[in-house]
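Student: I have a protein model open, and I would like to learn how to read it. Could you go through it with me?

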Amino acid sequence: MKKLMATAVLGLAVTVSGAMAVDGKALFKSKGCGACHQANVKTVGPSLKEIAQAYKGKEAELIKFLKGEAEPIVDPAKFGIMKPQLNATKNLSDEELKAMAEYMLSY
C-alpha cells in the first residue's frame, strides 16, 4: 500500500510539473511572445535558447524582468521593442509568470 501511495504521489508531481510546462508554453504563445522569440534563432528578440543560457539558475530574475522590475540582461539594445510587451506580462499572476519562466528556461 505504501509503495502504491508513493507511486501515486510521484505520478501526481510529474503531472503537475508537466502541466506547468504546458501552461507556460500556452501562455508564451497566447501573449504573442513567439512573434519575436523563436526557440533557437535570434529574430526580433533573442532566442529562447539565449534567454535560457543568460538566466540559467536565475529564474527569479527572469520573473522580475517579466514583471517590469528588472533590467534586461540578454539584449539590452532591443529593450525598447520589448517594453510594450511587458504590459501583458506584468499583469500575469505569480503562478503564470513562474510557468512561463520555466517554459522559457527549458531550452
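Student: Which residues does Pro 46 touch, not counting residues up to four places away in sequence?

Tutor: Contact means heavy atoms within 4.5 Å. By that rule, Pro 46 touches Cys 36, His 37, Ile 51, Val 74 and Asp 75, leaving out residues up to four places away in sequence. The C-alpha atoms of Pro 46 and Val 74 are separated by 7.1 Å, although these residues are 28 residues apart along the chain. A word on the source: this is a predicted model, in which local features need pLDDT of at least 70, side-chain atom pairs count only at pLDDT 80 or more, and totals for chains, interfaces and linings use all residues. Residues are numbered from 1 along each chain as its sequence is written, and side-chain values use heavy atoms, with hydrogens and water left out.

Student: Where does Pro 46 lie?

Tutor: Helices (H or I, at least four residues) and strands (E, at least two) are DSSP runs, numbered from the N terminus. The protein chain has five helices and zero strands, and Pro 46 lies in the loop between helix 1 and helix 2. Ser 47 has its place in that loop between helix 1 and helix 2 too.

Student: Why does Ser 47 count as buried?

Tutor: Buried means under 20% relative accessible area, exposed over 50%, and partly exposed in between (1.4 Å probe, protein chains only). Ser 47 counts as buried because its relative accessibility is 3%. Its contacts, not counting residues up to four places away in sequence, are Gln 38, Ala 39, Asn 40, Val 41 and Lys 42. Pro 46, at 9% relative accessibility, counts as buried as well.

Student: Is Ala 60 buried or exposed?

Tutor: Ala 60 is exposed, because its relative accessible area is 52%. You will find Ala 60 in helix 3, and its C-alpha atom is separated by 8.4 Å from that of Lys 98. For another case, look at Ala 26 in helix 1, which counts as partly exposed at 43% relative accessibility. Of the 107 residues of the protein chain, 28% count as buried.

Student: Which residues touch the most other members of the largest nonpolar core?

Tutor: In soluble globular proteins, nonpolar side chains tend to be buried together. A nonpolar core is a set of buried Ala, Val, Leu, Ile, Met, Phe, Trp, Tyr and Cys residues joined through side-chain atoms within 4.5 Å. Here the largest one has 20 residues, and Phe 28, Leu 62, Phe 65, Leu 66, Met 100 and Met 104 touch the most other members. Helix 5 supplies the largest share of this core, five residues.

Student: How much space lies in the largest pocket?

Tutor: Rolling a probe the size of a water molecule over the atoms shows where empty space is left. On a 1 Å grid over the protein atoms alone, a pocket is an open set of points where a 1.4 Å probe fits, with protein on both sides within 12 Å along at least five of seven lines; lining residues have an atom within 4 Å of a point. Grid points are joined across faces, edges and corners, and a volume is the space filled by probe spheres set on the points. About 360 Å³ lies in the largest pocket. Of its 23 lining residues, the closest to its centre are His 37, Gly 45, Pro 46, Phe 65 and Met 82. Helix 4 gives the most to this lining, with four residues.
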